[in-house]
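Try each task before reading its solution.

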Amino acid sequence: MPRVDADLKLDFKDVLLRPKRSSLKSRSEVDLVRTFTFRNSKQTYTGIPIIAANMDTVGTFEMAKALGKHTLFTAIHKHYTLEDWKNFATTSPECLEHVAASSGSSQADLDKLSSILEAIPLIKYICLDVANGYSEHFVEFVKTVHAKFPNHTIMAGNVVTGEMVEELILSGADIIKVGIGPGSVCTTRIKTGVGYPQLSAVIECADSAHGLKGHIISDGGCSCPGDVAKAFGAGADFVMLGGMFAGHDQCSGEITEKNGKKVMLFYGMSSDTAMKKHAGGVAEYRASEGRTVEVPYRGDVENTVRDILGGLRSTCTYVGAAKLKELSRRTTFIRVTQQFNQVFS
């Protein structure tokens, strides 16, 4: 019999953070740097835990160079060649500390990932990314990769429930990607009817991960700096952004002009655009689960980074968190019916 879970599940738009007394004089006092030691790889990470998504428009080497200046992280998309990687490693070795090499779960993906990791030993992070992290095949794949690269930190996903977070951590992953369907160019919820409101998913999955000394990434659903703050407040260790990093100089894709305004293409990695580009088209047994949109050209990503980090520091001052580490402990969410006054939006 079908079962209905009647417990309320919430998205970022359904809540605001409740302000609390604070002893901070200025947002400049807030420390956004986190240090984590990972359960399975035993590696230690230090940086501001915001990640550019492994989409081929956003997870670029150029993005890694720009974000690396602020100790932000980039999950590099899986379509670069070994030669591209070698060139990047030679010209920007300082960036390798804050990048992950991405892979799907096929044998060809594993062969390519292995060749990259063997050629460039300074890469310490692997991003294993599939649309459906619930398949037994994916769990076995995570075990295989962990056995082959036991000292590498593995990000794996995507899932949205606690029991699957636990299974992936116990299979060798260190950081679990949480989110099914919340992304700005994802149509999974429309095509399949599957998903989970992102705020509740993060709260549930963070609780499960932290019980095992694992970590999570909130992946998708952030449309403004306030949403990034809510994801961290909900317990996310890292927050992954696609759409918020789209449309910049560091993204791949041409800048075109439309109605007198500059735009860039941004698309989901399960969209017609991505599958035609990388797989020759959409396979007949599946549907496209991503959309292709034109986003306004936004110049250098530096300005966007400052906007996000400034907003996050400000959040911390409102709730009295001197460090990003303290934000979730200082967070009380209040349910709302409206985020902000939309008279002029």
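Helices (H or I, at least four residues) and strands (E, at least two) are DSSP runs, numbered from the N terminus. The model is predicted, so local features need pLDDT of at least 70 and side-chain atom pairs count only at pLDDT 80 or more, while totals for chains, interfaces and linings use all residues. Residues are numbered from 1 along each chain as its sequence is written, and side-chain values use heavy atoms, with hydrogens and water left out.

**Exercise 1. A cis peptide bond**

Find the residues that a cis peptide bond joins, and say which strand Asn158 lies in.

Solution. Step one: the cis bond is between Gly157 and Asn158, with omega about 20°. Step two: Asn158 belongs to strand S8 (residues 153-159). For background, most peptide bonds are trans, and most residues other than glycine have a negative phi.

**Exercise 2. Positive phi angles**

Look at Lys213 and Asn259: where does each lie, and is each buried or exposed?

Solution. A residue is buried under 20% relative accessible area, exposed over 50% and partly exposed in between (1.4 Å probe, protein chains only).
- Lys213, which is not a glycine, has a positive phi of about 65°. Its place is the loop between helix H7 (198-211) and S10. Its relative accessibility is 65%, so Lys213 counts as exposed.
- Asn259 is not a glycine either, and its positive phi is about 50°. This residue sits in the loop between S12 and strand S13 (261-267). With a relative accessible area of 76%, Asn259 is exposed.

**Exercise 3. Around strand S11**

Work out which way the side chains of S11 point, and which strands are joined to S11 by bridges.

Solution. Step one: in strand S11 (residues 238-241), Phe238 and Met240 point one way, Val239 and Leu241 point the other way, and all are buried. The general rule is that side chains in a regular strand alternate between the two faces of the sheet.

Step two: two strands pair if DSSP finds at least two bridges between them. Strand S4 (residues 50-52) runs parallel to S11 and is joined to it by three bridges; Ala52 has Leu241 as its bridge partner in S11. Strand S10 (residues 215-219) is also parallel to S11, again with three bridges, and Asp219 is partnered by Met240.

Step three: follow the chain through helix H8 (residues 225-233). S10, H8 and S11 make a right-handed β-α-β unit (with the strands pointing away from the viewer, the path from the first strand over the helix to the second runs clockwise). Eight of the nine residues of H8 are buried, so the helix is largely enclosed by the rest of the structure. After H8 comes Gly235, with a positive phi near 115°.

**Exercise 4. The nonpolar core and its aromatic neighbours**

Which residues have the most contacts inside the largest nonpolar core, and how are the rings of Phe61 and Tyr80 arranged?

Solution. Step one: a nonpolar core is a set of buried Ala, Val, Leu, Ile, Met, Phe, Trp, Tyr and Cys residues joined through side-chain atoms within 4.5 Å. The largest one has 104 residues, and Ile50, Trp85, Leu128 and Phe245 have the most contacts inside it. Its largest share, seven residues, comes from helix H10 (residues 301-319).

Step two: list the contacts of Trp85 (contact means heavy atoms within 4.5 Å). Residues up to four places away in sequence aside, Trp85 touches, among others, Phe61, Tyr80, Leu96 and Ile123.

Step three: rings of Phe, Tyr and Trp (its six-membered ring) pair if their centres lie within 6.5 Å; planes under 30 degrees apart count as stacked, over 60 as edge-to-face and the rest as tilted. The structure holds 11 aromatic pairs. The Phe61 and Tyr80 rings have centres 3.9 Å apart and planes at 15°, so this pair is stacked. Phe61 is in helix H1 (residues 61-68) and Tyr80 in the loop between strand S5 (73-76) and helix H2 (82-91), 19 residues apart.

**Exercise 5. Cysteines**

Solution. Step one: a disulfide is a pair of cysteine sulfur atoms within 2.5 Å, and a search of the whole structure finds zero. Step two: the closest cysteine sulfur to that of Cys95 is in Cys251, 16 Å away, which is too far for a bond. Step three: for Cys222 the closest is in Cys224, at 7.7 Å, also too far for a bond.
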